[in-house]
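Hi,

Here is the structure I promised to pass on. My notes on it follow below.

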Amino acid sequence: MAPDRAGAPARAWQRMLSGRRLDLLDPSPLDIELSDIAHGLARVARWNGQTCGDHAFSVAQHSLLVEAIYAELVPQATPEQKLTALLHDAPEYVIGDMISPFKAVMGGSYKECEQRLQRAIHLRFSLPADTPTRLKQDIKQADQIAAYFEATHLAGFSASEATQFFGRPRGFSADRLDLAPRAVTEIQDAFIGRFDEIERFRT
């Protein structure tokens, strides 16, 4: 670990509002709380905040959108699979939502940190540490559909431009999706509410 200006090891943890202290280099599932995830994701803006509306379109709202689309794509999905979809961007409550072009510039170190956090989050909520390949593909499809509609209805992309990057969705239309950016506290409560709904069906 690189030293800071005083010669001491650089701080690699973040204190959460729950009181937990999360080590970014070696995150423990015991230091992860749903309240922190919901609070953080509701305050992280998608598209670097370059969206229309009175509120930012947050990662929490995007996560709810992806989970709803995933549930339509895979009607037989289990509660565990739906929860995995809801938490697919959960590490961003700590590391923020870095846009794809910048992720490409950053390279592997960002991805490694993200994967460590994702595994710890999954273990905290009794999910497989590593998402099975088919489930990951299905969630990615839902994510791409969400991104297309966010891009065209919120972020100023033309339909042709969004299709180039995300593909053109079939069987979905914007009027069926919750794309109106919502207030931070409202979407924070909605995220926790959806988590609780899914949890009630887990055995």
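First, a term: by nonpolar core I mean a set of buried Ala, Val, Leu, Ile, Met, Phe, Trp, Tyr and Cys residues joined through side-chain atoms within 4.5 Å. Buried is under 20% relative accessible area, exposed is over 50%, and partly exposed is in between (1.4 Å probe, protein chains only).

Please keep in mind that this is a predicted model: local features need pLDDT of at least 70, side-chain atom pairs count only at pLDDT 80 or more, and totals for chains, interfaces and linings use all residues. Residues are numbered from 1 along each chain as its sequence is written, and side-chain values use heavy atoms, with hydrogens and water left out.

Now the overall picture. The protein chain has nine helices and two strands, and the order from the N terminus is β-β-α-α-α-α-α-α-α-α-α. These are DSSP runs numbered from the N terminus (helices: H or I, at least four residues; strands: E, at least two). Of its 203 residues, 43% count as buried.

On to the cores. The largest nonpolar core has 28 residues, and I37, Y93, F125 and F191 have the most contacts inside it. Helices α1 (34-41), α2 (59-73), α3 (79-86), α4 (92-95), α6 and α9 (184-200) each supply at least two of its residues. Leaving aside residues up to four places away in sequence, I37 touches I32, A90, Y93, I121, F125 and F191, where a contact means heavy atoms within 4.5 Å. Another core, of 26 residues, lies apart from it and includes A85, I139, A155 and A174.

Then the charges. I get 13 salt bridges in the whole structure, taking a salt bridge as a side-chain nitrogen of Lys or Arg within 4 Å of a carboxyl oxygen of Asp or Glu.

- E33 pairs with R124, with the closest N and O atoms 3.7 Å apart. E33 sits in the loop between β2 (21-23) and α1 and R124 in helix α6, so this bridge ties together parts 91 residues apart in sequence. E33 is buried at 18% relative accessibility, while R124 is partly exposed at 32%. R20 is linked with E33 and R124 in a network of salt bridges.
- E72 pairs with R176, the closest N and O atoms being 2.3 Å apart. Because E72 lies in helix α2 and R176 in the loop between α8 (159-166) and α9, the pair ties together parts 104 residues apart in sequence.

Happy to talk it over.
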